[in-house]
Amino acid sequence: MSCDKAGSLCGDNMIYIEKQMKIFNFMKIFIFLSAACFCFSCAQKESGGWFFQKADPEITLFNDARQKHQTHSYEAAYTLYREHASRYPQSEHAPEVLFSLGRVCVSLKNYGEARIFFQQVIARYPDTDMAREAGVAMLDALYLEGGYQQVIDNADSVLAAGLSKVQMMGVHQVRGDAYLGLNNASAAFDAFLKAYDAADKDEIDRLTQRLRAAAGRMPVSDLRSALEVLNGRLPADDVMYQLGIRYMEEGDYTEAKTLLDRFVSTYPRHPHVPFARQIIADIPVSDLFDKDVVGCLLPLSGRYENFGQQALKGIELALAVFSGSRDTSRLRIVVRDSASDADAGRAVSAVRELNERRVAAIIGPIAESEAAAAAAQELKIPIVTLTQKADITDTGEWVFRNFLTPAMQVKAIVGHAVNDLKLSRFAILYPEENYGEMFMNLFWDEVIASGGRIVGVESYRPDQTDFSVPIRKLAGTYYEIPEALKTKAPLEPVVVIEEDAQEVPSKAPVMAQALDRRAEIPGGRWFDPVVDTAMAKESGPDAEAVAEKEEKPAPIIDFEAVFIPDQPSKAGMIMPYLAYHDVTGIYLLGTNLWHSDRLIRMAGSHGQGAIFPDGFFARSASENVSGFVTLFEKTYGYTPGFIEAVSYDTAMMIFNIVSRPDVRHRSQLRKNLVEMPAWPGITGRTAFAENGDAVKDVYLLRISGGRFREVPARRQLGTDDGSGF
């Protein structure tokens, strides 16, 4: 055998031996494992063996509850967790079970019960991470329940428990949410900023959104302070952008441009940079207003020209008085004619012209107020309209109104009747046209709101001159009496007309005495405008009606006052009719249309005691009013009315605000108007509600002794009234 073959054989043998050794070793391992299994099986046979041993029921119940919780089966999870808490209160899973019960209750919106479970975790397992987690969760439950102040009150004690960074972020975040819920955006921003500092990368975007939301609601001064506190660190970029936008919204275009330019240069890659550049480009020079110029938009031509001229005189007098009392020689007005026609475009053009003149604000208009208000709102110019136009201030936040409205009148007259005169039952007699129907509805609603009752409502045609039917309906004497109940009475003439007649018979209609003075004319008859209009048909047939009056039952006056919203010519005719039909011993209430000497002449003694509201009374006992009236009469030669007075007051309010050194922009002027304390002017104390509508004192006037007198119940102005007198 050669050496090569011997070597080859030796190699093969070695391979074979190695294979056998591997087989032998495998057999040894197999036998060892088999023996071990056999021994283990024998040792555990008495206890049933580990293959046959049952799972721990406590663990099974806990896992089932957790599985239901994770799959959002909250009702089932709640039941299983409660069972576990009851059966295994000492289990190592007990803290987690109580905490999970709280979380399930939050998911079920049972926030009160959730807090009970969280409190149990804190009380039973203090100084544990589960207790700290429960403290954070309890704040969340309070917030979801609407307990914003409770969240804020308890946040510090939770933070004092040694929280982790993530837990601290959660507390600061929910506290910020609570501050926002209480409209304290500045405190919310501070809380969100602390949460931002403790947040990881996954939470940064969410907290940035919260910071933006808070910044958008913060006052500009606080937003400026926040930017200084950040000192360049994030999210200073968003705060700087928000601050620039806020300055734009408030009309402070100089500050807005400064901030937005700085934003673009400091954060050129910020996603808002393109918008900021566009805003900067869109800021025109004309948006920077001149605080020494006030615009006036009045109807100086057309059918409303008289009203426009009256308003302009009031504004001119205000400028003279204001400039004479202060070093304000630079203050001036720019006047534009809004005309009186229905051309809304003219009013809009006038507003745009005034904007080009950079006026601080606009007084007016009287006519075409809607179009002018919309244009001023678009251009963000404060405009104080002099109109009764319904809902004019709904145009927007830049639109105001200083005028006597129907709602103001009704509120004043009903308030006096109910609160001062202690009346509770009212009737309404109104004309069937827009004015009468509007006041009827307003009066009815206000009486009900004040706790009174409307016991009768009747109407009449605008062209009607005989008011017997509606009055008899109010008095309950309209319907016929059965023949068996009637008594015969001799007929009497309605009016005795004789050559030497000096008196009207007592049973004749008192309407013949509608004038306090009697004017006799040739022909032997009394000349009476009321008789000529309202009683033109009083002859033979009407005399029979007088006779029938004697057969009517006595009127049933179940109301203490009657409201008649009509012009003085109609109200002056109705008042004698009421007396003729024995509707007496009641208060007569009306609107500011009654402030006319014509009413006194027509109603005569039957108008005595009539009460109505108005926006101005030239014969007021107020020294300030008398001073204004005296100066106005000396300057223009006639006694001013409401239009002159309310225009004067409006101008004085605006002149006073624009003269303040801190008012540099239109937005600040608008803000000062909204926040202005009651301005004690000639037409009564005036403030502006949040919607821009005036809240005013209203004069109440009464007919007494053939003249109008101010009702003493009206609250008087103080001596330091800012009116200039």
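Does Ser186 count as buried or exposed, and at what relative accessibility?

Modeller: Ser186 counts as buried, because its relative accessibility is 16%. Buried here means under 20% relative accessible area, exposed means over 50%, and partly exposed is in between (1.4 Å probe, protein chains only). Before going on, bear in mind that this is a predicted model: local features need pLDDT of at least 70, side-chain atom pairs count only at pLDDT 80 or more, and totals for chains, interfaces and linings use all residues. Residues are numbered from 1 along each chain as its sequence is written, and side-chain values use heavy atoms, with hydrogens and water left out.

Back to your residue. Ser186 sits in helix H9, which covers residues 185-198. Helices (H or I, at least four residues) and strands (E, at least two) are DSSP runs, numbered from the N terminus. If you skip the neighbours within four places in sequence, Ser186 touches Met218, Pro219 and Asp222; contact means heavy atoms within 4.5 Å.

Now for the wider setting. The protein has 27 helices and 17 strands, and 46% of its 725 residues are buried. Take the contacts between residues at least 6 apart in sequence: 63% of them join residues at least 24 apart.

For a helix pair, look at H4 (residues 94-107) and H5 (residues 111-124), which pack at an angle of about 160° with their axes 7 Å apart. Axes are lines fitted to C-alpha atoms, for helices over the stretch in contact, and angles run from 0 to 180 degrees between N-to-C directions. H4 and H5 are therefore roughly antiparallel to each other; angles under 35 degrees count as roughly parallel, over 145 as roughly antiparallel, 65 to 115 as roughly perpendicular and the rest as oblique. Residues making this contact include Leu98 and Phe99 of H4 and Phe117 and Phe118 of H5. Sorted by class, the contact has 11 nonpolar, two polar and three charged residues. Ala, Val, Leu, Ile, Met, Phe, Trp, Tyr, Cys and Pro count as nonpolar, Asp, Glu, Lys and Arg as charged, and the others, Gly among them, as polar.

Further along, an open sheet of three strands runs in the order E13-E14-E15, with antiparallel pairing; two strands pair if DSSP finds at least two bridges between them. E13 (679-681) and E15 (694-696) stand at the edges with a single partner strand each, so one side of each has no neighbour in the sheet. The twist from one strand to the next averages 30°. Helix H26 (residues 642-658) packs on this sheet and touches E13 and E14.

Strands E16 (residues 699-704) and E17 pair in the antiparallel sense over four bridges. In their hairpin, two residues lie between the strands, and Gly705 has a positive phi near 60°.

Gly364 and Pro365 are joined by a cis peptide bond, with omega about 0°. His72 isn't a glycine, yet its phi is positive, about 65°; this residue is exposed, at 56% relative accessible area. Asp127 also has a positive phi, near 60°, and lies in the loop between H5 and helix H6 (129-144).
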